[in-house]
Structures are given as C-alpha cells and as structure tokens.
Amino acid sequence: MKIVICAKEVLDPDAVDNYVLHGRLEIGADGKTLTQTSIPRLMNAYDEQAIEAALRLRDAGMEASIAVVSVGTDPSNILRHAAALGADEIAHIAVDTAELDGHGIATLLAAYVRLLGGADLVLCGRQASDDDQGVVPALLGEMLEMPVITVARAVELPGGSPTLRVTRVTPNGDEVVEASCPAVVTISNELGAPRYPTTARTMKARRMKPTLLTSEQLAVRPEDLQPRVTLTRQFVSTVQGSCELIDGGSPAELAERLLARLREAKVLA
C-alpha cells in the first residue's frame, strides 16, 4: 500500500497564544504578516497525527510505503521529523506559499501524488493551526477523484482488504464509515498522541535528504497557481478581561448576592 501524507510547517500555536495574551503579537506594515521572527516553527499537530495514523496501519501488519510531502520555502525540519517518526520518503515542493491559496496548494500536492503514480491512501490533518480552514484535503480529493472522509479518529483496513473503515468524530458521537481505496482521509486530534521518534531513527533522519521538486517538474503552470482567495488584512483582536469579586458572608449569602448581580446584568431573568 502506498500512503502519502501532506504536512505543513506552522508557527508554534502555543507561542503565538502567549504573545497574544501578553499583548506582544504585532502585524507588520503590510497588514498581513507577523513582525515576530523568534516564534518557533514546527509541524502542524494534526499532520503529525496523520503520520501516526499511517504508522498504526503498518503496526497492524499492513505492508506500506509512507511518503510525506510539504509545500514551502524550507520545510526541512518538519520533513526530518517525519523521517524520524518512520516515513520512508520525504519530499519538498519548493514554492513560496505566501501568494498561494488552498486551491494552489492542493494543485501542487495532487501533481505530486500523480508523479508517484498515484496513492492508495492520502492522509492530511483535519486543518492547519495557523489558518484553520481545512479546505486543502477536500480540494485534493476532488482533483484526484478520490472520496474524502473527514475528522477521523481511527483508520483501519480490516484483514488487509482494500476497503477502509474509518471512525469519524461528530457532535453526536462517533460514526463508522467505509470507503474503497484510493481515498483521502483527514485526521483529528481524537486519534491520540503521536509517538516519539527513537534515537536511532532520529540519527538516521539527519542523513536523509528530501526529494526537491519545483512546480515546473510537477508540470504545474503558473496560471494554475493563481489564488482564487486572497488575504487582504490580518489583525490581532484586543483581549480584555474583567473580574468582579463578591465579598463576605456565608456561602448562602454569597450565592444570593451572585444571583442578584446576574439579574442586574440581565444574565438571568
């Protein structure tokens, strides 16, 4: 089985949140990009869980080759991490993503899958932690003419059959669906924590070089990458907090005062 995993490099969301909470996150003069250069970059957590889903299929006895691909200017760190986790192949599509939208990214990823001669299973994170759109997997499925199954917490191939069994997370509980391969599946955090790379694999990954590809090598024309959705403005919302303490009295008196205050504020009728 040939499994392709699409991975994205993002700013560390915890570090970004800390900057926001301390009022230190700033947008540059272009109104679109952050001025902070010290925020670490790492693999999108959902994409790391997509790698874990592929590794679990292999652990279950499935013979599988796992390729991880990323689009960007220099995603070498996350690709080395993918190799340390267990990827057999890593690929870097060298394109500046600043001017690309989800359609452009999906076009490049679909071209990569075709270059490989297709894939039996394409795994993606449910969304990226930086833009939270989650549109690339659906576009990728359409371009490759594959069914798309979203928000998966488990992916199985019972008995080595070509039929996928996927457990999806929904607001009303889990649901189990089946689809024939090839297919695109997006992985959610409910899959569980990904494994840590072993020391031996980490050392080996340092010597592993990604396959470098350009849009020209993928036969993708410049007009195919023209954005259909463009970012016009990005801004940091003002975070405000207000806390009012209710003093003194017994618990019953405090409760009465709290209820009176809530009625005053028209939170309660």
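1. **What you are looking at.** This is a predicted model, so please read every value below as computed from it. The protein has 269 residues, and its secondary structure consists of seven helices and eleven strands. Along the principal axes, the C-alpha atoms fill a box of roughly 70 × 50 × 40 Å.

2. **Burial and surface.** Of the residues in the protein, 38% count as buried.

3. **Contacts along the chain.** Take the contacts in the protein with a separation of 6 or more: residues 24 or more positions apart account for 68% of them.

4. **Charges.** The protein carries 26 positive and 36 negative side chains. The centres of these two sets lie 3 Å apart. A search of the whole structure finds 14 salt bridges, and a few of them deserve a visit.

5. Start with E52 and R56, whose side chains meet in a salt bridge at 2.9 Å, N to O. Both residues lie in helix α2, which covers residues 45-59. They are four residues apart, about one turn of the helix. Is E52 buried or exposed? E52 counts as buried, because its relative accessibility is 5%. R56, at 34% relative accessibility, counts as partly exposed.

6. R195 has a relative accessibility of 29%, so it counts as partly exposed.

7. **The network.** Which residues are linked with E52 in a network of salt bridges? The members are E52, R56, D59 and R195.

8. **A salt bridge between two strands.** The side chains of D174 and R153 meet in a salt bridge at 3.2 Å, N to O. Here too the pair links distant parts of the chain, with D174 in strand β9 (residues 173-180) and R153 in strand β7 (residues 148-156), 21 residues apart. D174 has a relative accessible area of 46%, so it is partly exposed. R153 is also partly exposed, with a relative accessible area of 31%.

9. **T211 and its contacts.** T211 is found in strand β11, residues 211-213. Which residues does T211 contact, leaving aside its neighbours within four places in sequence? They are I90, A91 and H92. Because its relative accessibility is 44%, T211 counts as partly exposed. For a sense of distance, the C-alpha atoms of T211 and P40 are separated by 24 Å, and the two residues are 171 apart along the chain.

10. **A nonpolar surface patch.** L259, V267 and L268 form a nonpolar patch on the surface. Together they have about 230 Å² of accessible area. L259 lies in helix α7, residues 251-264, and counts as partly exposed because its relative accessibility is 31%.

11. **Positive phi at K266.** In the segment after α7 you will find K266. Phi of K266 is near 65°, a positive value in a residue other than glycine. At 74% relative accessibility, which passes the cut-off of over 50%, K266 counts as exposed.

12. **Positive phi at E145.** E145 is another residue to check for its backbone: its phi is near 55°, again positive in a residue other than glycine. E145 sits in the loop between α5 (136-144) and β7. With a relative accessibility of 76%, E145 counts as exposed.

Definitions and conventions:
Residues numbered from 1 in each chain as written. Predicted model: local features only at pLDDT ≥ 70, side-chain atom pairs only at ≥ 80, totals over all residues. Heavy atoms only, no water. Buried < 20%, exposed > 50% of the residue type's maximum accessible area, 1.4 Å probe, protein only. Contact = heavy atoms within 4.5 Å. Lys, Arg positive; Asp, Glu negative; His and termini not counted. Charge placed at Lys NZ, Arg CZ, Asp CG, Glu CD. Patch = residues over 30% accessible without salt bridge, like charges linked within 9 Å, V, L, I, M, F, W, Y side chains within 5 Å. Areas by Shrake-Rupley, 256 points an atom, 1.4 Å probe, with all protein chains shown as cover. Salt bridge = Lys/Arg side-chain N within 4 Å of Asp/Glu carboxyl O.
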